[in-house]
Structure formats: structure tokens, C-alpha cells
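Open your viewer and keep the selection tool ready. We will go stop by stop.

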Amino acid sequence: MKKRLTQSEEFEIMKLVLDKFLWLGFGIMAFGLYRLIQGGTDSVVSGFSFIVGGAVILVIFMIIIVKEYEIIA
């Protein structure tokens, strides 16, 4: 028999998982900023692509939260 989680337990577990998405998106964007500051033409293109990739991860994070908890924006 499977144990059912309460809504607060489910929310706590989801916060732990989505927190990892938040750190991952921030880390990727920070690395992109580092590449941007590093200089050179390849670094600028690479830096912006990392920043855009991190932003995409954060948008996915936002979509998951809105769909899962029916937050009205």
C-alpha cells in the first residue's frame, strides 16, 4: 500500500526540487556573466548564450510552479 502525502508535505518536497532548478539557472547565468566579462568575441557570444540558457531554465521553473499550484498571475 502506498503512502499518500499531505498537501503541505508535497509542497515541501516540490520546494526542494524546484530550488535546485533555481540554483542551476542562477549558476548558468553567473557563468555566462563570467564568460562575458572574460572578453574576446567568442566569449561574448558564449556568455550571452549561457545567460539565455539560464533564463530559459528559470522560465521553465516559473511555468512549473504556476501550473502545479494554479497561481493566478
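Start with Phe-26: select it and show its side chain. Phe-26 is exposed, at a relative accessible area of 51%. (Exposed is over 50%, buried is under 20%, and partly exposed lies in between, with a 1.4 Å probe and protein chains only.) This is a predicted model; local features need pLDDT of at least 70 and side-chain atom pairs pLDDT 80 or more, while totals for chains, interfaces and linings use all residues. Residues are numbered from 1 along each chain as its sequence is written, and side-chain values use heavy atoms, without hydrogens and water.

Which kind of aromatic pair do Trp-23 and Phe-26 form? The pair is edge-to-face, with 6.2 Å centre to centre and 80° between the planes. (Rings of Phe, Tyr and Trp, the last by its six-membered ring, pair if their centres lie within 6.5 Å; planes under 30 degrees apart are stacked, over 60 edge-to-face, the rest tilted.) Both residues sit in helix H1 (residues 7–38), three residues apart, so about one helical turn separates them. (Helices are DSSP runs of H or I, at least four residues, numbered from the N terminus.)

Now select Phe-31, Tyr-34 and Phe-50. Ring pairs link Phe-31, Tyr-34 and Phe-50 into a cluster. The whole structure holds three aromatic pairs.

Last stop: Ile-64. Find Ile-64 in helix H2, which spans 41–69. Ile-64 is partly exposed, at a relative accessible area of 31%.

Notes: Helices (H or I, at least four residues) and strands (E, at least two) are DSSP runs, numbered from the N terminus.
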